[in-house]
Amino acid sequence: EWFVFWGGRTVAQNYHAATKDQRFAYDILILRDGASHTGDGKRNEDYYCFGQTIVAPAAGTVVEAVGDLADNVPGQFDKQHPAGNHVVLDLGHGEYALLAHFKQGTLKVKAGDRVESDAPLAQCGNSGNTSEPHLHVHLQNGPTLFAAAGLPAQFQDYLADGQRVARGEPLKGQVVAPAARDD
């Protein structure tokens with residue numbers, strides 16, 4: 001289960017909505033008892049999502065993969081590398097998925113790789129322009145960060161606050177998880 005920290009179409013739900021390129025972006029993390037970390041949260045390892053496997057949201061071709069940037073100390077930012085360690089997937093039809101802030105050294109893919117939905121990409125980390133470990137994900141109409149327009153991302157067959165959703169856009173404050181497969 002992951003908590004949608006930022007998500008939705010309004011600036012109140014999602015500060016990303018104010019920018020053309022990330023207007024439909026999500027920042028998600030793991031909460032337990034209302035906190036994203038144990039203890040004082042001064043170490044990346046204190047965060048529940050740090051080191052969790054991040055998988056491809058859909059089948060696609062990797063067009064960009066960065067994995068060698070250092071993870072930040074929580075509360076510090078790397079503004080020189082906004083996405084930090086990240087992957088850009090070409091999903092076809094002019095849609096590209098950007099997944100960002102991966103843990104250094106955990107990248108499982110390289111540019112040119114074809115991946116299937118649910119293929120491991122890397123581990124959740126704290127690299128780039130981020131205050132704490134989390135996953136940033138958004139769709140855009142081109143492969144280049146800050147040069148493309150954001151697109152709405154439709155999640156399919158998931159649970160939002162325990163309710164099954166066939167297709168939708170998670171909102172700030174919701175807890176989301178994959179729906180149980182009926183295989």
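Throughout these legends, a residue is called buried when its relative accessible area is under 20%, exposed when the value is over 50%, and partly exposed in between, as computed with a 1.4 Å probe on protein chains only. The views show a predicted model, in which local features need pLDDT of at least 70 and side-chain atom pairs count only at pLDDT 80 or more, while totals for chains, interfaces and linings use all residues. Residues are numbered from 1 along each chain as its sequence is written, and side-chain values use heavy atoms, with hydrogens and water left out.

**View 1. Aromatic contacts around F155.** A search of the whole structure finds 4 aromatic pairs, where rings of Phe, Tyr and Trp (its six-membered ring) count as paired if their centres lie within 6.5 Å, and are called stacked when the planes are under 30 degrees apart, edge-to-face when over 60, and tilted for the rest. The rings of Y26 and F155 are edge-to-face, because their planes meet at 65 degrees, with the centres 5.1 Å apart. Y26 belongs to strand 2 (residues 26-29) and F155 to strand 11 (residues 155-160), so this contact ties together parts that are 129 residues apart in sequence; strands (E, at least two residues) and helices (H or I, at least four) are DSSP runs, numbered from the N terminus. Y26 is buried at 3% relative accessible area, whereas F155, at 27%, is partly exposed. F155 also forms an edge-to-face pair with Y158, at 5.8 Å centre to centre and 65 degrees between the planes, and Y158 is buried at 6% relative accessibility.

View 2. Ring pairs join F5, W6 and Y15 into a cluster. The charged end of K79 sits over the ring of F77, at 5.9 Å from the ring centre; this label requires NZ of Lys or CZ of Arg to be within 6 Å of the ring centre and within 35 degrees of the ring normal.

**View 3. Strand 13 and its antiparallel partners.** Two strands are said to pair if DSSP finds at least two bridges between them. Strand 1 (residues 2-6) pairs with strand 13 (residues 175-178) in the antiparallel sense over 2 bridges, and here F3 stands opposite V175. Strand 11 and strand 13 also run antiparallel, joined by 3 bridges, with A160 opposite V176.

View 4. Strand 5 and strand 6 run antiparallel and are joined by 7 bridges, with V87 standing opposite L99 of strand 6. Strand 6 pairs in the antiparallel sense with strand 9 as well, over 5 bridges, and L98 stands opposite H138 of strand 9.

View 5. H93 is exposed, with a relative accessible area of 82%. F146, in the loop between strand 9 and strand 10 (150-151), has a positive phi of about 75 degrees although it is not a glycine.

**View 6. The largest pocket.** This pocket has a volume of about 1200 Å³. On a 1 Å grid over the protein atoms alone, a pocket is an open set of points with protein on both sides within 12 Å along at least five of seven lines, in contrast to a cavity, where a 1.4 Å probe fits but cannot get out, and lining residues have an atom within 4 Å of a point. Grid points are joined across faces, edges and corners, and the volume is the space filled by probe spheres set on the points. Of the 32 lining residues, A56, P57, D118, F155 and Q156 are the closest to the centre. The elements that give two or more residues to this lining include strand 2, strand 9 and strand 11. By class, the lining has 22 nonpolar, 5 polar and 5 charged residues, where Ala, Val, Leu, Ile, Met, Phe, Trp, Tyr, Cys and Pro count as nonpolar, Asp, Glu, Lys and Arg as charged, and the others, Gly among them, as polar.

**View 7. The second largest pocket.** Here the volume is about 450 Å³, and the pocket is lined by 23 residues, of which Y15, H16, D27, H101 and N129 lie nearest its centre. The largest share of this lining, 3 residues, comes from strand 6. Its residues divide into 11 nonpolar, 9 polar and 3 charged.
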